[in-house]
Structure formats: C-alpha cells, structure tokens
Amino acid sequence: MINFNTTRKNDFILKAIDSNHKFDKFSDLKQTYTIFNPNYNDYYLIIDKKIDGNELFRAITKFIASCKIHSFDIDVKSFLDYTEKSEHEKVIQILVMSTIYANDKPWTLNSNQTKSTIDHNLIIPQEYFDLANEYKIVANDRNFARKLQDMPSNLITPGGFETMMVEHLKKLNHVKVTVLNEKELAKNNMNLLLAVGQGAQKEADKPRLIIAKYLPNPNDKNIMAFVGKGVCFDTGGLNIKPGSHMRWMKYDMSGAAIVGSLIHSLATNNINKNVIAVMPLVLNLASSSSYRPDDVIVGHSGKSVEIDNTDAEGRLILADAISYAAKNLEASEIYDIATLTGAMIYALGDTYTGVWSTNDKLYDNVLIASNLAGELVWRLPFHHDFKDLLKSNFADISNSVSDPRGGSSRAACFLKEFTHNKEYVHFDVAGTADKGNVGTGIMLHTFYNLIKNKK
C-alpha cells in the first residue's frame with residue numbers, strides 16, 4: 001500500500017540530493033540516479049535540476065521493488081527542492097506512478113507467494129495532494145491493465161476480458177459500454193475481425209468488439225478514439241508460430257487492456273475531454289475453421305485484403321476497428337496501440353515505443369506527454385515505399401509480404417489505409433508492453449497526459 005502524508009511515518013527514508021553532495025565516503029559518487037546509503041536509515045538518490053523522467057522512474061521502481069523488509073518514506077519535498085519549478089509536476093507524477101507500480105505484485109495463482117504488506121509513505125507538501133491523488137488513480141489503472149496482461153489466456157478469453165472490463169467501467173459518470181457480438185459484427189461488415197477469430201468454437205472464445213464511450217462534454221465535437229489490439233492469444237493461425245515464439249502470446253491483448261483502463265482513469269478524475277476506447281477481441285487459433293493464406297476478405301472500410309500470412313492478424317482486427325471508429329463513432333483523431341510487429345524488438349529493443357504520426361503537431365503533443373510520463377517514444381516513418389510492398393494482384397492490399405524490409409513501418413502503413421483520412425497516430429509496443437514476461441501497462445500514463453493537456 002502507498003500512503004500520502006505531510007510528515008514522516010517510517011524509520012527508513014529516501015531523499016533526493018544533487019551531485020555536489022559532501023558525504024566523504026561517497027565523495028567520488030556523482031552518477032545521476034544512483035542511490036546510496038551513508039548510514040543505516042537514510043538513503044539518497046542523486047538528481048539534477050532537469051529531471052530525466054524515465055531514469056527517475058527506473059531508479060524508484062528498482063529501489064521500491066528491492067524493499068523486501070522495510071517500509072520507506074520518500075521525501076518528495078527534497079526532490080522538489082533540487083529541481084526547477086517547471087519540473088515539479090513531472091516529479092510528483094513519476095514518484096507516485098513508480099512507487100505504486102513497483103509495490104504492485106504480478107498476477108499469480110501460486111499459493112506459495114504472498115502479497116506484500118509493506119506500506120510506503122510519500123511525504124508530500126499539502127499543495128500537491130490533489131495532483132498526487134489524481135495520479136494514484138492513473139497508477140492503479142495501469143496496474144489493472146498489467147493484471148489483465150499477466151493473466152493467462154484460458155482466463156482472459158475475449159469473453160473473460162469483456163467480463164472484467166465491463167465490471168471495471170461500470171457506474172462511472174459519462175461512461176457507456178457497448179459490446180458487439182458476432183452477429184452485430186457481421187451486420188457492420190467487420191469481416192477482417194471475424195475472419196481472425198473464426199477458428200474459435202466456444203462462446204467465450206468468439207470475437208467481439210468492446211466500445212467504451214466517455215463523452216462528458218457534449219458541446220465539444222472533437223472525439224479522440226483510442227483503439228487497442230486485443231488478441232487474447234496468438235498461435236499464428238495456420239501460419240503457426242514455432243513454440244519459442246508462441247510462448248508469452250497472452251500479452252498480445254495488451255493494447256486493449258491499456259485503452260480500456262485509460263477510460264476508468266479519465267472518468268474517475270473527471271477529465272473534461274471526449275474519448276472513446278475501442279477494443280477488438282479475438283483468439284487467433286489454428287483449427288479446421290481458421291482463415292487461410294490466399295483468402296481475400298472485404299472489411300468494414302470496403303477495401304479488400306489478401307491474406308499473405310495469418311500471423312499478421314493484429315493489423316486485420318485493428319483495420320476494422322479503426323475504420324469503425326472513423327466512420328461509425330465519428331472520431332476526429334485516432335490513436336492505436338498494439339503489440340504489432342516482432343521487428344520492433346530489433347529496431348528499438350524494450351526501451352522505446354515506436355510511434356508513427358500523420359501530423360507533426362500530434363506527434364509533438366505525444367512527445368510532451370511522454371516526457372511528462374517518463375515513457376520513451378521514437379518516431380518512425382509513414383512512407384509510400386512501405387505501402388508499395390503490400391501490393392496485391394487479387395485485392396486492394398495484402399496484409400503482409402515475405403520481405404524483411406521495414407516490417408514495422410509496413411504494418412503501420414497498412415493500418416493508415418483504414419483511417420478514412422482522419423488524423424492518426426500508431427503506437428507499436430511489441431517490445432515494451434511486457435518486460436521479463438511481466439506486463440508494463442506502457443503508454444497509459446502518456447495517453448492520460450495527452451488527453452488531459454489537449455488544447
């Protein structure tokens with residue numbers, strides 16, 4: 001548990017200090033974001049005036065995760081004293097988010113593991129209590145998304161996801177949740193989404209689309225749509241993955257978990273911006289009824305798609321969901337988040353989230369929001385060369401191609417074809433959605449800041 005107080009509560013404390021510290025024993029220790037312990041009770045974290053949010057998040061999460069015995073106070077005022085006033089909101093956000101993140105334990109049914117009973121305390125000046133409590137809600141929703149990510153696919157089927165997300169979003173002001181089942185998807189010509197999920201036999205495994213509308217401001221015609229990939233498990237379909245690549249495919253629904261949890265934070269904190277979360281949910285299975293390579297399918301947008309590879313399924317369900325958000329939900333801007341391409345791991349590792357944007361201003365807003373959140377992003381290109389690789393003789397476009405060049409940008413360009421020319425930003429979190437096979441809930445904090453601060 002994490003508490004906020006204005007005074008000290010625990011014997012052990014973490015304080016900030018700058019690189020000019022005078023502790024003789026540590027006089028040669030100047031490296032920023034290092035934590036050292038000059039005496040039994042007091043720990044110090046070296047910072048500078050201009051906070052690197054990602055490095056601060058890493059330092060705090062690593063430290064809190066290592067606190068197996070003692071509860072700690074974190075002296076927030078000491079961090080504020082050593083940083084510029086313009087950095088104070090970032091400091092508060094990241095200290096709250098990182099402490100709650102690290103104190104949360106991954107989902108488990110292991111009966112030998114017990115929940116931590118350690119209570120940490122953030123000593124916060126009274127003037128920042130409202131801000132801290134606001135981001136405590138965001139942090140708890142990030143942890144809810146991480147719980148969904150970590151749960152196995154026999155529990156988080158499309159139906160299991162629906163049950164948990166609908167329960168999480170119920171009784172919130174201005175929130176309306178709608179679920180489209182197979183029949184309703186067919187009526188809306190969402191044939192790409194249906195094709196990916198058609199190998200499922202049990203009702204709980206069948207495809208569906210969850211739409212969570214948060215529309216607190218009826219006078220504002222601007223609606224931001226956040227579309228999250230929800231492949232609850234990905235075998236690769238008939239282009240089946242080898243065993244080593246199929247492991248941990250439960251995380252392929254991370255995007256849906258993040259955008260659904262985002263709505264809860266916005267509504268709970270009464271953010272006065274119109275946002276819709278769209279969550280297409282499927283299991284991509286290999287069965288006698290699965291869709292096949294060479295199939296040609298006409299989706300919601302009216303475009304025909306040739307199936308080159310059934311393991312390029314995420315872009316298919318997103319294509320229908322993005323088109324639905326643009327046409328049926330009248331979104332003015334569309335953002336999607338997906339564990340989309342393994343190529344991201346080779347390009348940016350598990351450090352940066354790849355971002356594509358049709359608009360420089362939208363990307364600049366993303367960069368500001370991600371900097372405030374301490375989440376690292378890197379812009380990659382929309383370029384017609386990548387789209388040209390997807391030319392098909394039998395359809396408007398192919399979903400993939402046997403060519404190693406620009407796989408992540410190729411997938412992004414495919415998705416852009418289904419936006420109906422709406423402004424669009426794509427986030428590929430294939431490398432960052434989980435680390436060490438534990439969900440991260442990445443980008444939820446950035447998305448919250450992006451929406452909250454939108455002009």
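Student: Is Cys413 buried or exposed?

Tutor: In this predicted model, relative accessible area decides the matter, and a residue under 20% is classed as buried. Cys413 has a relative accessible area of 5%, so the residue is buried. Cys232 also counts as buried, at 1% relative accessibility.

Student: How many disulfides does a search of the whole structure find?

Tutor: A disulfide is a covalent bond between the sulfur atoms of two cysteines. Here, a search of the whole structure finds 0 disulfides.

Student: What is the strand order in the open sheet of 6 strands?

Tutor: The order is E1-E6-E5-E2-E4-E3, and the pairing is mixed. Strands E1 (2–5) and E3 (35–36) stand at the edges; each has a single partner strand, so one side of each lacks a neighbour in the sheet. Within the sheet, E5 (residues 72–75) and E6 (residues 120–123) run parallel and are joined by 3 bridges. Ile74 has Leu122 in E6 as its bridge partner.

Student: Which helix packs on the sheet?

Tutor: Helix H1 (residues 53–65) does so, touching strands E2 (12–18), E3, E4 (42–47), E5 and E6. The direction of H1 makes about 160° with that of E4.

Student: Where is Gln198 placed, and with which residues is Gln198 in contact, leaving aside its neighbours within four places in sequence?

Tutor: Gln198 lies in the loop between helix H7 (191–197) and strand E8 (208–214). At 35% relative accessibility, Gln198 counts as partly exposed. Apart from those sequence neighbours, Gln198 is in contact with Ser289, Ser290 and Tyr291. The C-alpha atoms of Gln198 and Leu285 are separated by 8.3 Å, although the two residues are 87 residues apart along the chain.

Methods:
Residues numbered from 1 in each chain as written. Predicted model: local features only at pLDDT ≥ 70, side-chain atom pairs only at ≥ 80, totals over all residues. Heavy atoms only, no water. Disulfide = S-S within 2.5 Å. Buried < 20%, exposed > 50% of the residue type's maximum accessible area, 1.4 Å probe, protein only. Pairing = 2+ DSSP bridges. Helix = DSSP H or I, 4+ residues; strand = E, 2+ residues; numbered from the N terminus. Contact = heavy atoms within 4.5 Å. Axes fitted to C-alpha atoms, helices over the stretch in contact; angles between N-to-C directions.
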